[in-house]
Amino acid sequence: MAPQNEQDWQRFLTSMLEQRNSALRGFYSAGFAYLNQTLNEAPCLAIDIETTGLDSQNDKIVSIGLVEFDCRRVYLNTAKHWLVNPGELSDSSIVVHGITHSDISSAPSINAVMPEVLSAMAGRLTVVHYRAMEREFFRTLSLAVWQVPWLFPVIDTFALEASCLSRKQNWFDRMRRKSLPSLRLPDARLRYNLPEYENHNAVIDAMATAELLQAQAQYWHLRERKVADLVL
């Protein structure tokens, strides 16, 4: 279970600073200084993964995409995309993300790319759309590889959208528990008049998530909110 507040995150950070793995130690040594910043001030990094399925205990990561951004710009020159070889692909996952056995035949293992991923994420506020994917797959991976949980604060644009839309509902809709509109990434983006992008490409979805948070921050007046109050 992830820490629940700023104090818990700082205690967890302190406990992780003695890691034997140099990449993991470097990630935690960069700290979580952004927790004390406003969202407008914080350096952010959107990240997305594609996987062989939805079960973090049994399925594997097949691609990772990320890009740096803040409330004003998405820094496209920082975008990175890795294909990784999970060993086997399921037919259903190939249909979803279009990554085939031939695409991954010469791809590196997830262990080989993780030092570069950790370095890119270090010191930056991680932003995802639906944290049960990225954070849980990374946590399971770290337990298998390093025997410790790799956890970090995230802003989840999926959960943020749900929270904002729930607060906007009138009392009658809340009383009858009216369902919220779709929270899928492309549907959430359409509510802010953001352009349609290709789905299930990790680096494009990372860019789409970055733009979504920018739009949410503007529309819901979140830029001056303290990051510690927004992370999960």
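The model is predicted, so local features are used from pLDDT of at least 70 and side-chain atom pairs only at pLDDT 80 or more, while totals for chains, interfaces and linings use all residues. Residues are numbered from 1 along each chain as its sequence is written, and side-chain values use heavy atoms, leaving out hydrogens and water.

Let us start with the sheet. Five strands make an open sheet in the order S3-S2-S1-S4-S5, with mixed pairing. Helices (H or I, at least four residues) and strands (E, at least two) are DSSP runs, numbered from the N terminus, and two strands pair if DSSP finds at least two bridges between them. Strand S3 (74-83) and strand S5 (154-156) are at the edges with a single partner strand each, so one side of each has no neighbour in the sheet. On average, neighbouring strands are turned by 25 degrees against each other, direction ignored.

Now look at strand S1, residues 44-51. Eight bridges join S1 to the antiparallel strand S2 (residues 61-69), where Glu 68 is the bridge partner of Leu 45. S1 also pairs with strand S4 (residues 125-128), this time in the parallel sense over three bridges, and here Ala 46 has Val 127 as its bridge partner. S4 in turn pairs with S5, again in the parallel sense over three bridges.

Is S1 covered or exposed? Eight of its eight residues are buried, meaning under 20% relative accessible area with a 1.4 Å probe, protein chains only. In a regular strand the side chains alternate between the two faces of the sheet. In S1, Cys 44, Ala 46, Asp 48 and Glu 50 are buried on one side, and Leu 45, Ile 47, Ile 49 and Thr 51 are buried on the other.

Next come the helices. Helix H6 (residues 131-145) lies across S1, S2, S4 and S5 and runs at about 85 degrees to S1; axes are lines fitted to C-alpha atoms, for helices over the stretch in contact, and angles run from 0 to 180 degrees between N-to-C directions. Ile 110 is found in helix H5 (residues 110-121). Because its relative accessibility is 15%, Ile 110 counts as buried. Leaving aside neighbours within four places in sequence, Ile 110 is in contact with Ile 61, Ile 64, Val 84 and Leu 141, where contact means heavy atoms within 4.5 Å.

Technical notes: Buried means under 20% relative accessible area, exposed over 50%, partly exposed in between (1.4 Å probe, protein chains only).
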